[in-house]
Every structure is written in C-alpha cells, then in structure tokens.
Amino acid sequence: NMSCVSRCDWIIEAVVENLAIKKDIHAKIQTFKKSANVPVTTNTSGILLKNIAQDFNDEYCQSFMGVHFFNPPRYMQLLEMIPHPKTNLTLLTQLSDWCEQRLGKTVVQASDTINFIANRIGVFSLCSVAHHATELGLNPETVDSLTGKLMGRPASATYRTMDVVGLDTSNYVAENVLKQVEDDPYREMFNLPPWIKNLIEKGMLGQKSNFRGIYEKTKDDRGKTRIRSYDYVSESYTDQEVTGFPWLKEVSTIKNPFDRLNFLVNQSDKGAQLIWHTLCDLFSYSALLLDEIAHSEPYKLDQAMKLGFNWELGVFETWQGMGFHAVTQKMIDQGVQLPEWLKSKVNDPSFCFFHPAPSSDEWLLSDLDNEGKTKKMQWHPKSQTMKEVVTPPYYVPLLKKYQPEKDPRTVKGNDGASLLDLGHGAYLLNFHTKMNAINVPILSMIDSTMSLAKAQAKAVVIANQGRAFSAGADLKMILGLINEEKFLDLEAILNRFQESMQLLKFSHLPVVAAPHGLTLGGGCEVTLHADHCHLAGETYAGLVEAGVGLIPAAGGSKELALRCYRLAAEYDTDPMIFLDKVFKMVAMAKVSSSAYDAIHMGLYDKACTSVTFSRSHQISEAKSIALMKYRMGYQPPSYANKIKVVGEPGFETFRMMLYNMEQGKMISSHDALVAEKLAFVLSGGDLPRGTEVDEMWFLDLERQAFVDLCREEKTKERIEYMLKNGKPLRN
C-alpha cells in the first residue's frame with residue numbers, strides 16, 4: 001500500500017532499527033512521494049540520519065529529518081527533532097510548531113549523533129548506576145530505593161526502568177554507543193555488567209517476558225502479587241530486602257532536592273558512594289558531550305532529560321543547585337574527567353550555568369519583566385558567553401503559592417487561590433492548595449473574583465499548573481466537622497459552595513475553565529458551572545463522591561439533572577433515558593480516561609467544550625476563547641424553572657434496580673444507600689411525576705442528601721480510609 005503516501009501530509013517511518021530496512025523503505029517512499037513540502041521523518045533512536053539518507057536525492061533530503069518520539073507517545077512530552085544537513089529548516093520549523101501546538105509536545109532540536117540527547121545521557125546514567133552498584137555489591141531493590149524519588153527520579157528508578165523498557169532494548173541502545181562511538185569518553189560504561197547480559201541470554205528481559213527480568217512478578221498460593229528481585233550471586237530470585245542506612249529517616253525530612261542531595265553525598269557508606277559516583281559520572285559526561293549533542297545549550301539537555309526520562313531536575317540545574325564550585329572542586333580533586341572550559345570556571349565566583357536558577361520563581365516569571373531587566377540566560381561553552389533562553393510566548397507561567405510581591409499580575413489572593421490579570425481584560429483564577437483541593441479560602445477567592453471581574457474585566461479563566469486541576473473538596477475539613485458533629489456548619493459551608501458555583505454559572509462575563517489531569521468531585525463541579533470548558537487531552541474527570549460515601553452536592557448533581565431534563569424536553573422523550581446514564585456514571589464514581597472520554601461519558605456538553613493536547617498552550621487558548629465570547633456579546637444562561645421531574649415513579653425505578661443489585665451482591669448496603677440518595681435528587685424528590693420545580697429545588701435536595709450521608713458511620717469510615725490510603729473503601 002505504499003502508494004498511499006502520495007496523499008499524506010506527513011510521512012512517518014518507524015520500522016525496526018535496521019539500516020538496510022530503513023533505507024529500502026525510504027527508497028520506496030521516494031518513488032511515491034509527490035510534494036517537496038511534505039516532511040518525511042524517521043523515528044530512529046540510534047541510527048545516524050546521514051547514513052539513512054546516504055543515497056537520497058537532494059529534493060528528498062530537503063524534506064527528510066529525524067523526529068524521535070518517546071514511549072508511550074501519548075504521555076511522553078519530549079519530541080527530539082534532528083535535521084539532516086540538507087533539511088529545509090523552514091519545513092522543520094513548521095513541523096515543530098505543529099507538533100507543539102497540535103500534539104502538545106515540547107520539541108528539542110538535537111544533533112545527528114548516536115542516541116541523540118535523552119537516550120545518550122539517560123542510558124549512560126542507567127549503565128553508570130548498574131556498574132557502580134555491582135562494584136559496591138548492592139542488590140537491585142536497594143539500588144532502586146536510592147536512585148528513584150530520593151534523587152528526584154521516577155519511582156521506577158534504575159533496574160525497574162530497565163525491566164519496563166526491556167533489558168534487550170536497554171542493552172541495544174547502550175551497544176549503539178559501544179560499537180559506533182570509539183572516542184566516547186566513557187565508552188566502556190556502555191558495556192552492561194555480565195549478570196545483566198546473562199539475563200538477556202536466558203530470555204529474561206523484564207516486563208515483556210512474562211515479568212521476569214531483574215525483578216520477577218508472580219502470585220503466591222493465595223493469589224497475591226509477589227515481586228522478587230534477582231540475586232546475581234546465587235543467580236536466583238529472592239525476596240526483596242532493602243539495605244537500611246542510618247540516614248534514611250533524616251533525609252526523608254529534607255524537602256529541598258539540592259539540600260537532600262548534598263546531605264546524601266556527604267555520607268560515607270555504600271549508598272552514599274553510589275549516589276555520589278553516579279552524579280559525578282552524569283555531570284562529567286553531560287559536560288563533555290554538551291557541544292556535540294546539544295549545541296552547547298545546557299537548558300536543551302536539561303529539558304530533554306526532564307521530559308524524556310521524567311527527571312524532576314535537569315543535569316546542569318542539579319549541578320548548579322548543589323553548589324557548582326564546591327561540587328566541581330571535589331570532582332577535580334578526585335580526578336573526574338571534565339572539559340577545560342569548565343575547570344577554568346571553578347575559581348570564578350560569579351559563574352553559573354543559568355541565571356536565574358531554573359527552579360526559582362524568578363526564572364519562571366522572568367518573561368513578565370517588560371523592561372527586560374531579567375532574562376533567562378544560560379552559559380554557552382562554545383562561545384564562552386551567557387546566551388538568552390528563548391521561551392514560547394504563548395506559555396502562561398503560574399506560581400505555586402500566593403506571592404504578590406513577586407508576581408506583578410496579582411490582583412488579589414489568599415492561601416487557597418490567587419487572582420491574576422492576564423491582560424486584554426482577562427482575569428485568571430489560580431488554585432494552589434495541596435492537590436488543589438477546594439476549601440473555604442478558594443470559595444472566598446471565587447466570590448472575590450466574580451465581584452472584581454464584574455467591575456474591572458471582560459472574562460475569567462479558571463486554570464492552574466498543578467499535577468491535578470483539583471482532586472475535589474477538602475476531605476480533611478469535612479472529616480473534622482463530622483468528628484465534631486458540626487453538621488450545621490457543614491451545611492453552611494456546602495451552601496456557600498453552591499452559591500459560589502451559581503455565581504460562576506450566572507456571571508455576566510464569560511467564565512472558561514481549563515481542567516487537566518485529575519478533575520474530581522468538587523473540582524469537577526467547578527468546571528460544570530463554567531460557560532465553556534477547554535480540556536487538556538489528558539483530563540481524568542469525574543464526580544467521584546460515591547467513593548467516600550457521598551454524592552455531588554456543590555451543584556454537580558443539579559447540573560447533570562438539569563441537562564437530562566433539558567435534553568428530554570428538546571427531544572420530547574422520557575427523561576429516564578438520560579437520567580439512567582448519569583445515575584450510573586455518578587453512582588459508580590466513573591472517571592474519564594481522557595478529555596474525549598469525559599465528553600463521551602456525558603460529563604461535558606459537546607456544544608460548550610473544546611480540547612487541546614498542549615498543556616503549554618491551554619491557558620492562552622482558554623483566554624482567547626473567553627475574550628472571543630465577550631466580544632460576541634456574551635449572555636449568561638437563564639435560570640432553570642418549570643422543570644418537569646420524574647418524581648416518585650422515577651425514584652422507585654432506581655430503587656428497584658438498586659434492590660436487585662444489592663440482593664445479587666453486586667453492591668454493598670452502603671453503596672445502595674448512597675446511590676438511593678443520588679437517585680432521589682436526580683428524580684426531583686418525593687413528588688408526583690410531571691411536577692414543576694426550579695434548579696434551587698435540586699440544590700436543596702443534594703445539600704440535604706450530602707449532610708444526611710455525613711451522619712452515616714460508614715461514610716466516615718470511607719473518608720478516613722481515602723485520606724489514609726488514597727483509594728476508596730467499599731464497605
């Protein structure tokens with residue numbers, strides 16, 4: 001079917017890493033490709049582009065480039081782009097911009113070298129850890145406990161990462177350097193320890209080989225998952241036993257990652273030696289290769305490692321944060337390989353890789369300084385000067401805390417949220433509690449936002465850049481009120497939450513919510529009351545209150561019920577058709593697997609929802625949507641009344657379904673009680689079918705149901721369990 005490439009806008013080759021096969025495929029593409037403006041890309045991770053394109057004509061070479069996706073492409077943000085010497089750079093820029101905006105990637109342009117940037121440095125780091133750990137006699141589970149979150153790396157750390165990738169794949173990428181780069185300064189490091197190669201020879205490759213590699217995943221006699229580690233001395237799997245170090249308890253209390261690393265490397269045992277030696281190797285190797293693989297740009301290399309390997313901190317960012325001069329002098333004293341340009345800087349007290357530090361608020365907000373007093377700068381070894389780091393103009397930086405003295409955009413704020421002026425008449429409400437849980441300070445800021453925006457702005461965006469848009473209402477606050485039996489206070493707070501949501505809904509200015517990641521419970525209810533939702537592609541949304549023995553009661557149940565009755569009236573059909581779907585979604589605490597799934601579930605209305613794959617573009621796009629709605633003469637929705645509810649007959653239908661499910665042991669008695677309360681609200685209460693009510697009626701029903709459930713002991717148990725374990729209890 002090669003003729004189909006003549007109709008393509010972008011041709012992506014991702015065949016096996018074999019030079020002969022790749023060249024053959026591209027020879028066929030060359031036959032059918034019609035336009036010089038259609039890019040042809042190879043997704044190779046270890047073959048030089050100049051070798052693949054050796055026999056291509058000039059026209060084909062102009063549209064040929066490397067575009068290296070990281071697995072899994074849906075979730076991994078890094079995209080390395082590698083130009084061939086003859087690549088049309090205008091075409092490369094166009095494709096790069098498209099990938100950033102439409103696919104949500106962060107594009108890092110790399111040189112045409114073996115393994116490019118991220119794999120070259122990342123696999124080197126894995127190999128370095130493996131060698132030093134083997135020399136020190138540390139078992140896999142101890143190594144992973146040291147080289148994961150403790151160092152600001154993913155929990156999979158070293159050996160678990162190799163198992164997931166595949167030991168054969170890890171070895172293949174390492175051997176790319178070993179076999180093809182004879183002048184690599186750490187060439188022998190890419191020759192993995194013999195015990196890992198023995199596993200490969202035995203076909204024990206990790207996750208891909210029935211979960212047998214450096215770790216073995218099996219089940220015991222009771223069917224419980226059991227994970228054992230490989231003992232390379234006895235050549236057998238044994239129960240995991242992490243070596244204890246006397247400093248582990250103390251280091252766990254150090255929150256600053258640079259202070260934590262400095263504390264670790266100043267210990268003297270084998271664990272500390274492993275961390276220091278691998279950091280030395282990493283710093284040394286990255287500095288030696290910086291010009292060759294990353295155009296002498298430390299920021300580019302750091303971005304590749306943070307986005308391609310999910311490291312919390314970049315290599316040079318870590319080096320600078322730990323104290324460049326002290327760390328470098330220690331490396332020099334120990335005879336570690338370093339480039340001459342770097343050695344010469346150890347006595348220069350003003351030297352740094354970056355100014356300001358990339359982990360600082362000053363770096364984040366530097367683009368806001370209109371007078372140009374502060375710019376993002378990086379040391380460029382090739383030119384021996386500091387050069388500006390150019391960041392995209394569409395990215396909207398947000399601080400994690402309310403700091404009006406640092407952010408000139410601040411209009412108002414408190415410990416829960418801050419209101420920022422984004423310019424052009426758009427205000428932004430930014431949450432910054434833990435997991436952006438909705439609490440009283442956030443509700444206070446929502447009220448203030450709507451009041452201030454009405455007088456001073458044209459539109460409001462609700463967005464943040466935390467790991468979660470919002471994990472829901474503050475359960476600790478709710479549990480505290482339950483334990484003290486302050487149910488009137490609880491109802492008052494809930495009533496305030498509902499009133500705040502109504503303010504959003506009936507605002508005379510357009511309100512656009514930009515959710516991403518976890519958007520659960522009360523956080524989801526915030527988005528349901530916005531005029532428009534601009535979802536990030538990876539949005540995991542749901543009204544999950546049933547998981548803690550409650551129902552949505554900040555207007556979430558009301559909004560979904562109103563939508564069902566509106567659709568029923570529009571299509572002149574039985575509301576139960578729509579109510580049944582909503583009931584099952586909320587009662588089962590369903591969470592969307594993506595933005596599009598959230599729309600398909602019926603959580604968001606297609607008519608007022610849009611999706612972006614780019615988190616970097618999301619807030620600026622939401623701002624544009626909000627201002628466009630203002631310019632088009634935005635009018636708030638009408639207050640819903642004369643809603644003909646299904647009432648008691650509809651409620652009895654739900655009750656019968658729940659009775660059958662409980663009798664069939666499909667749900668617990670408390671599940672049934674929670675679902676029954678939800679059904680009562682959605683049905684409109686104990687009323688004759690066809691009785692007309694308004695939306696305040698639904699708010700009163702859901703609020704009362706919520707408070708009633710808070711009085712239940714099993715609901716209290718569910719909340720306690722969720723706070724302690726981070727997952728629901730089915731009691």
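Predicted model: local features only at pLDDT ≥ 70, side-chain atom pairs only at ≥ 80, totals over all residues.
## The chain as a whole

The chain contains 28 helices and 22 strands. Its radius of gyration is 29 Å, close to the 27 Å that the globule rule gives for 731 residues, so the chain is as compact as a globular protein of that length.

Of the 731 residues in the chain, 54% are buried.

## Surface and charge

The accessible surface of the chain comes to about 32700 Å², and carbon and sulfur atoms account for 51% of that area. The chain carries 79 positive and 87 negative side chains, and the centres of these two sets lie 2 Å apart.

In helix H9, which runs over residues 194–201, the residues Trp195, Ile196, Leu199 and Ile200 are buried. These four cover an arc of only 150° around the axis, which means that they lie on the same side of H9. On the other side of H9, by contrast, Pro194 and Glu201 are exposed. The elements that cover the buried residues of H9 include helix H5 (118–136), helix H7 (159–165), H8, strand S7 (225–231) and strand S8 (236–239). Just after H9, Gly203 takes a positive phi of about 80°.

Pro193 is found in the loop between helix H8 (167–180) and helix H9. Pro193 counts as buried because its relative accessible area is 2%, which is under the 20% cut-off for that class. When its neighbours within four places in sequence are left aside, Pro193 is in contact with Ala130, His131 and Thr134. Met666 is 473 residues away from Pro193 along the chain, and the C-alpha atoms of the two residues are separated by 52 Å.

Leaving aside its neighbours within four places in sequence, Gln502 is in contact with His529, Lys558, Glu695 and Leu699.

Helix H20 (residues 521–528) is mostly covered, since eight of its eight residues are buried. Among these buried residues are Gly521, Gly522 and Gly523, and also Cys524 and Glu525.

## Backbone angles in the loops

Most residues other than glycine have a negative phi, and most peptide bonds are trans. The following places in the chain can be read against that background.

The peptide bond from Asn71 to Pro72 is cis, with omega near -10°, and Pro72 lies in the loop between strand S3 (64–69) and strand S4 (78–83). A cis peptide bond also joins His355 and Pro356, where omega is about -10°; Pro356 lies in the loop between strand S9 (354–355) and helix H16 (361–365).

Gln384, a residue other than glycine, has a positive phi near 55°, and this residue is found in the loop between strand S10 (377–380) and strand S11 (385–388). With a relative accessible area of 36%, Gln384 is partly exposed. His424 has a positive phi near 60° and is placed in the loop between strand S13 (417–423) and strand S14 (426–431). At 64% relative accessibility, His424 counts as exposed.

Terms used: Residues numbered from 1 in each chain as written. Heavy atoms only, no water. Helix = DSSP H or I, 4+ residues; strand = E, 2+ residues; numbered from the N terminus. Rg over C-alpha atoms; globule rule 2.2 N^0.38 Å. Buried < 20%, exposed > 50% of the residue type's maximum accessible area, 1.4 Å probe, protein only. Areas by Shrake-Rupley, 256 points an atom, 1.4 Å probe, with all protein chains shown as cover. Lys, Arg positive; Asp, Glu negative; His and termini not counted. Charge placed at Lys NZ, Arg CZ, Asp CG, Glu CD. Contact = heavy atoms within 4.5 Å. Arc of directions from axis to C-beta.
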